[in-house]
Amino acid sequence: MRKVYCMLAAFMLIALVLPAQDYSEDVKDLDSIIEALYGSISGEKDEVRDWDRFTNLFIPEAQLIPTGKNAEGVTGYRILAPQVYVENFGKRLEKDGFYENDIHRVTEQYGSLCHMFSTYESYRSATDTEPFVRGINSIQLMHDGERWWIVSIYWLGEKEDNPLPEKYLPNEG
């Protein structure tokens, strides 16, 4: 029993001595928080993600809301907390490999309020040349005077019958 107490004390001491990860650079401006958002979920097959970095981007009450049509053609949605997103999808993203890139962005800002339409492309590997899915993340953000926070992300993947509008694609010309 004494061994158990010693081990527990050692783990507690290590937890107190090790500094918490500093994610302040991730939230200093809009470009940084979007880069951190995509960067924290992206990685090669079997690459462990920094899910603390991911959850640090969000207010405690944040919502992630995927939307789309079901098999019957009815549009629906799910509401997930960031931690629930990690629990439901984190292991799959790590197992299969997943990269999501912001390819175009429309930003509207008024004071501490910001809304972005971020067009994304998703790949299984950084070496893939064609995305397996594209879509738009509608991201709401807030600046509290100290840093940026993600309030919600509401997204819709592109489908054959609902292609991405040209105005939300990179201007190649």
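Modeller: Happy to! Contact here means heavy atoms within 4.5 Å. Before we go on, please keep in mind that this is a predicted model, in which local features need pLDDT of at least 70 and side-chain atom pairs count only at pLDDT 80 or more, while totals for chains, interfaces and linings use all residues. Residues are numbered from 1 along each chain as its sequence is written, and side-chain values use heavy atoms, with hydrogens and water left out.

Asn 137 is found in strand E5. Helices (H or I, at least four residues) and strands (E, at least two) are DSSP runs, numbered from the N terminus. Is Asn 137 buried or exposed? Asn 137 is buried, because its relative accessible area is 4%; buried means under 20%, exposed over 50% and partly exposed in between, using a 1.4 Å probe and protein chains only. The side chain of Asn 137 also makes a polar contact, at 2.9 Å, with the side chain of Tyr 38. Such a contact is a pair of N or O atoms within 3.5 Å; within protein, one must be able to donate a hydrogen and the other to accept it, and residues adjacent in sequence count only if both atoms are side-chain atoms.

Now step along to Ser 138, which lies in strand E5 too. Ser 138 is counted as buried because its relative accessible area is 10%. Its side chain makes a polar contact of 2.8 Å with the side chain of His 115. Setting aside neighbours within four places in sequence, Ser 138 is in contact with His 115, Met 116, Phe 117, Ser 152, Ile 153 and Tyr 154.

Ser 118 is in E4, and Arg 105 stands opposite it. Strand E3 (residues 99–110) and E4 run antiparallel and are joined by 11 bridges; two strands pair if DSSP finds at least two bridges between them. E3 and E4 form a hairpin with 2 residues between them, and Gly 111 in the turn has a positive phi of about 60°.

Apart from neighbours within four places in sequence, Trp 155 is in contact with Leu 64, Ile 65, Pro 66, Thr 67, Tyr 85, Tyr 120, Ile 136 and Asn 137. Trp 155 and Tyr 77 are 78 residues apart in sequence, yet 9.4 Å apart in space, C-alpha to C-alpha.

Trp 155 also belongs to one aromatic cluster with Trp 51, Phe 54, Phe 58, Tyr 85 and Phe 89. Rings of Phe, Tyr and Trp (its six-membered ring) pair if their centres lie within 6.5 Å; planes under 30 degrees apart count as stacked, over 60 as edge-to-face and the rest as tilted. By this rule there are 7 aromatic pairs. Trp 51 and Phe 54 form one that is edge-to-face, 5.6 Å centre to centre with 90° between the planes. Both residues lie in helix H3, 3 residues apart, about one turn of the helix. Trp 51 is buried, with a relative accessible area of 14%, and Phe 54 is buried at 1%. Beyond four places in sequence, Phe 54 touches Leu 37, Ser 40, Ile 41, Leu 64, Pro 82, Tyr 85 and Val 86.

Phe 54 brings us to the largest nonpolar core, where Phe 54, Phe 58, Tyr 85, Leu 141 and Ile 150 touch the most other members among its 31 residues. The elements giving two or more residues to this core include helix H2 (30–41), helix H4 (82–96) and strand E5 (133–143). H2 provides the largest share, 7 residues. A nonpolar core is a set of buried Ala, Val, Leu, Ile, Met, Phe, Trp, Tyr and Cys residues joined through side-chain atoms within 4.5 Å.

Finally, a step back. The protein has 4 helices and 6 strands, running α-α-α-β-β-α-β-β-β-β from the N terminus on. Of its 173 residues, 36% count as buried.
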